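Look at the sequence and the 3D view first, then read on.

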Amino acid sequence: MMKTCLFEDDVIEYFNKYWIEHCDTDRLLFDEKYHKLHNVRRLHPYSTHKEFFDKIKYIEQVSPFYTLDTCYMLEYSKGSFAELHHDHRSKLTTVTILNKSKDLRGGELLISDNVSTSSIDLQVGETYFYDQTVKHGVAKVVEGTRRVLITWMEDRKSTRLNSSHTSTS
């Protein structure tokens with residue numbers, strides 16, 4: 001597990017603008033419960049948006065043993081949370097904070113070792129890395145909103161772009 005500032009401020013700004021420009025399209029999904037997510041809005045970028053993927057693929061340069069499998073953005077608002085879970089399909093997961101409202105209370109990243117749970121309050125621009133063995137979740141948002149960029153990485157030798165989360169539209 002590691003925390004760092006991975007992307008430059010202008011790239012974080014680009015991802016936030018991407019959310020705003022595409023959150024009213026067919027790419028935005030919302031379910032009261034989706035797997036372990038509760039009341040969370042999800043945005044899967046179009047695979048044809050080259051600029052988006054050029055920016056996101058920087059993550060492969062800092063993770064030389066991994067390659068991008070899929071990525072998506074999540075927005076948590078009042079009442080949203082993610083149950084503790086493992087990302088079994090991802091060898092390495094990253095969570096980058098894109099935006100936090102000034103009134104945000106709750107919404108911290110939770111990491112559990114099955115004995116205790118730690119709360120990690122990431123700041124805008126910070127990225128947290130963890131592998132598939134790490135049990136994690138998100139604390140319930142009491143007030144405000146929090147937007148994150150999630151990437152799932154695979155071993156370089158088992159590369160496959162997850163077509164179920166991308167579109168050619």
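Which residues in the largest nonpolar core touch the most other members?

The model is predicted. Its largest nonpolar core has 23 residues, and those that touch the most other members are F7, F15, Y18, F52, I56, M73 and L149. Helix 1, helix 2, strand 4, strand 5 and strand 12 each give two or more residues to this core. Helix 1 supplies the largest share, six residues.

Leaving out residues up to four places away in sequence, I56 touches F7, F15, L68, C71, L149 and T151. There is also a second, separate core of 21 residues, and L74, V95, I120 and V134 are among them.

## The chain as a whole

The chain has three helices and twelve strands. Its radius of gyration is 15 Å, close to the 15 Å that the globule rule gives for 169 residues, so the chain is as compact as a globular protein of that length. The C-alpha trace spans about 35 × 35 × 30 Å along its principal axes.

Of the 169 residues, 50% count as buried. The chain exposes about 8,800 Å², and carbon and sulfur atoms supply 50% of that area. Contacts can also be sorted by separation in sequence: among those between residues at least 6 apart, 81% join residues at least 24 apart.

## Helix 1

Helix 1 covers residues 9–22, which makes 14 residues. At 1.5 Å a residue the helix should span 20 Å, and this agrees with its end C-alpha atoms, which are 20 Å apart. The expected span is 1.5 Å times one less than the number of residues.

Which residues of helix 1 are buried? They are V11, I12, Y14, F15, N16, Y18, W19 and H22. The cover over these buried residues includes strand 2 (28–34), strand 3 (37–43) and helix 2 (50–56). Strand 4 (66–85), strand 5 (92–100) and strand 12 (146–155) are also included in that cover.

## Strand 4 and its partners

Strand 4 pairs with several other strands. With strand 3 the pairing is antiparallel over six bridges, and R41 has E75 in strand 4 as its bridge partner. With strand 12 the pairing is again antiparallel, over ten bridges. Here M73 stands opposite L149 in strand 12, and both M73 and L149 were named above among the core residues that touch the most other members.

How many bridges join strand 4 to strand 10? Two bridges join them, and the strands run antiparallel, with strand 10 made of residues 135–138. The bridge partner of H85 in strand 10 is H136.

## Strand 5 and its partners

Is strand 5 mostly covered or mostly uncovered? Strand 5 is mostly covered, since seven of its nine residues are buried. Strand 5 pairs with strand 12 in the antiparallel sense over eight bridges, and N99 has R147 in strand 12 as its bridge partner. Five bridges join strand 5 to strand 9, residues 126–131, and these two strands also run antiparallel. T93 stands opposite Y130 in strand 9.

In a regular strand the side chains alternate between the two faces of the sheet.

## K33

K33 is found in strand 2. Setting aside neighbours within four places in sequence, K33 is in contact with H38 and E83. K33 and V142 are 109 residues apart in sequence, and their C-alpha atoms are 18 Å apart in space.

## Two residues with positive phi

Most residues other than glycine have a negative phi. N39 has a positive phi, near 55°, and is not a glycine. N39 lies in strand 3 and is partly exposed, with a relative accessible area of 29%.

Where is N114 placed? N114 is in the loop between strand 7 (109–112) and strand 8 (117–120). Its phi is also positive, about 75°, although N114 is not a glycine. N114 counts as exposed because its relative accessibility is 60%, and the cut-off for exposed is over 50%.

How values were computed:
Residues numbered from 1 in each chain as written. Predicted model: local features only at pLDDT ≥ 70, side-chain atom pairs only at ≥ 80, totals over all residues. Heavy atoms only, no water. Helix = DSSP H or I, 4+ residues; strand = E, 2+ residues; numbered from the N terminus. Buried < 20%, exposed > 50% of the residue type's maximum accessible area, 1.4 Å probe, protein only. Contact = heavy atoms within 4.5 Å. Pairing = 2+ DSSP bridges. Rg over C-alpha atoms; globule rule 2.2 N^0.38 Å. Areas by Shrake-Rupley, 256 points an atom, 1.4 Å probe, with all protein chains shown as cover. Core = buried A, V, L, I, M, F, W, Y, C linked by side-chain atoms within 4.5 Å.
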